[in-house]
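Here is a report on charged side chains and backbone angles. Have the sequence and the model open as you read.

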Amino acid sequence: RSAITLWPLKALDFPKFIDMKVLSIGPRTESELFKLVSYGFQLKNIKSIDIQSYSDLITLGDMVDIPFKDNSFDLIIMGWVLTYTNEPSKAISEVIRVAKNDCLISLCHSHTSEFPGNGFSNVHINSSDVMLDFFKENLGYVYFKYHPFDEKKYKRNYGRSNYLVKIKK
């Protein structure tokens, strides 16, 4: 599952993974960080936060109050975490704050049509438009977007979305 956030990124030919400063939000375990290393990122350039962890590689922290300086990261990965907050706008604002100009943001999350926020949050991100609106004027280029409810012809009540966007400041 951790590779899904990286697949769209692998299609781009300009990022130099070895030099990028990376923030992984909600990696759960070290395996997600080691997946980044296997893709060519330097472990010394990877920071991560989660609200709980057993690992010294993962800083305890909350995505609505990220414990890093402004303009720190070239790539931010948010895999399956945005649906765990009732404040996705605040979380995205924090992501924008710690992102450098032209930072790439990779987001994935799961959805059901029956429960807002997949049953964890009271915010229902039920389309790509809702997701991308969180970035407001800081939304740069959208390299990849997929939301299972964007195409009404597919009668689905569940699925996962995936985005890769560039931040402009």
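## Salt bridges

This is a predicted model. Side chains of opposite charge can pair when their charged atoms come close. The count here comes to 4 salt bridges.

One of them joins Arg28 and Glu32, with the closest N and O atoms 2.7 Å apart. Arg28 has 30% relative accessibility, so it counts as partly exposed. Glu32 is buried, because its relative accessible area is 18% and the cut-off for buried is under 20%.

## A link between strands

Lys100 and Asp74 also meet through their side chains, in a salt bridge of 3.3 Å from N to O. This pair links distant parts of the chain. Lys100 sits in strand E5 (residues 99-112), and Asp74 sits in strand E4 (residues 73-79). The two are 26 residues apart. Lys100 has a relative accessible area of 28%, so it is partly exposed.

Glu94 and Arg97 form a salt bridge, and their closest N and O atoms are 2.9 Å apart. Both residues belong to helix H3 (residues 88-98). They are 3 residues apart, about one turn of the helix. Asp70 joins them: Asp70, Glu94 and Arg97 are linked in a network of salt bridges.

Arg97 is partly exposed, at a relative accessible area of 22%.

## A negative patch

Asp129, Asp133, Asp150 and Glu151 form a negative surface patch. Glu151 lies in the loop between strand E6 (139-146) and strand E7 (158-167). Its relative accessibility is 40%, so Glu151 counts as partly exposed. Patch members need over 30% relative accessible area, so Glu151 passes that cut-off.

Most residues other than glycine have a negative phi. Which residues have a positive phi although they are not glycine? Trp80 is one of them, with a phi of about 60°. Lys136 is another, with a phi of about 50°.

Both residues sit in loops. Trp80 is in the loop between E4 and H3. Lys136 is in the loop between helix H4 (128-133) and E6. Trp80 is buried, because its relative accessible area is 5%. Lys136 is exposed, because its relative accessible area is 54%.

Technical notes:
Residues are numbered from 1 along each chain as its sequence is written. This is a predicted model: local features need pLDDT of at least 70, side-chain atom pairs count only at pLDDT 80 or more; totals for chains, interfaces and linings use all residues. Side-chain values use heavy atoms; hydrogens and water are left out. Patches are made of residues with over 30% relative accessible area and no salt bridge: like charges are joined within 9 Å, nonpolar side chains (Val, Leu, Ile, Met, Phe, Trp, Tyr) within 5 Å. Accessible areas come from the Shrake-Rupley method with a 1.4 Å probe; for residues, only the protein chains shown count as cover. Lys and Arg count as positive and Asp and Glu as negative; His and the chain ends are not counted. The place of a charge is taken as NZ of Lys, CZ of Arg, CG of Asp or CD of Glu. Helices (H or I, at least four residues) and strands (E, at least two) are DSSP runs, numbered from the N terminus. Buried means under 20% relative accessible area, exposed over 50%, partly exposed in between (1.4 Å probe, protein chains only).
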